[in-house]
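Please open the model in your viewer and keep the selection panel at hand. The tour moves from one selection to the next and says what is found at each stop.

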Amino acid sequence: LSPEHAGARFQLGCILMRRHEYKAAVYEFNELLKSHPNHFESLANLALCYLQTGSLDKAAKCYWQALELVPEDGDILFNLGVIHMQQGYAGEGIKYYQRAVKAAPD
């Protein structure tokens, strides 16, 4: 009824993620980000969807955008560490893990 409703689109993306329908969720989050490019949660969720589908470069790009909005988010830093480790960049991965521990010591 209202495809431009940002909240509804975000929640639909979240539901699709929970159902492991990552490609459909990617579509919803990308559509939302067209009108709300700085929506942190959408960027983080989109990155996670890309990570789940093996699109590491796209995931990293979204995580870096999210990190610009919230520079010391422990989850984002941790996931960037994961991506770098999976890509064979252990040194960079460790740096992100260290930042994650500093940002969220618990």
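Is Lys 34 buried or exposed? Lys 34 is exposed, with a relative accessible area of 62%, where buried means under 20% relative accessible area, exposed over 50%, and partly exposed in between, for a 1.4 Å probe and protein chains only.

Before going further, note that this is a predicted model, in which local features need pLDDT of at least 70 and side-chain atom pairs count only at pLDDT 80 or more, while totals for chains, interfaces and linings use all residues. Residues are numbered from 1 along each chain as its sequence is written, and side-chain values use heavy atoms, with hydrogens and water left out.

**Stop one: along a helix**

Glu 31 is partly exposed, at a relative accessible area of 22%. Because the two residues are 3 apart in helix α2, about one helical turn separates Glu 31 from Lys 34; helices here are DSSP runs of H or I with at least four residues, numbered from the N terminus.

Next select Arg 9 and Glu 28, a salt bridge in which the closest N and O atoms are 2.5 Å apart. This pair links distant parts of the chain, with Arg 9 in helix α1 and Glu 28 in helix α2, 19 residues apart. Both Arg 9 and Glu 28 are buried.

**Stop three: a helix and a loop**

Now select Arg 99 and Glu 72, whose side chains meet in a salt bridge at 3.4 Å, N to O. Arg 99 lies in helix α6 and Glu 72 in the loop between α4 and α5, so the pair ties together parts that are 27 residues apart in sequence. Arg 99 is partly exposed at 32%, and Glu 72 is partly exposed at 46%. In the whole structure, a search finds 5 salt bridges.

**Stop four: the core**

Finally, select Phe 29, Leu 46, Cys 49, Tyr 63, Ile 76, Leu 80 and Ile 83, which touch the most other members among the 31 residues of the largest nonpolar core, that is, a set of buried Ala, Val, Leu, Ile, Met, Phe, Trp, Tyr and Cys residues joined through side-chain atoms within 4.5 Å. Two or more residues come from each of α1 (6–18), α2 (22–35), α3 (40–52), α4 (56–69), α5 (74–86) and α6 (90–103). The largest share, 8 residues, is from α3.

Centre the view on Ile 83: leaving out residues up to four places away in sequence, Ile 83 touches Leu 51, Leu 56, Ala 59, Ala 60 and Tyr 63, contact meaning heavy atoms within 4.5 Å.

Note on methods: Salt bridge = Lys/Arg side-chain N within 4 Å of Asp/Glu carboxyl O.
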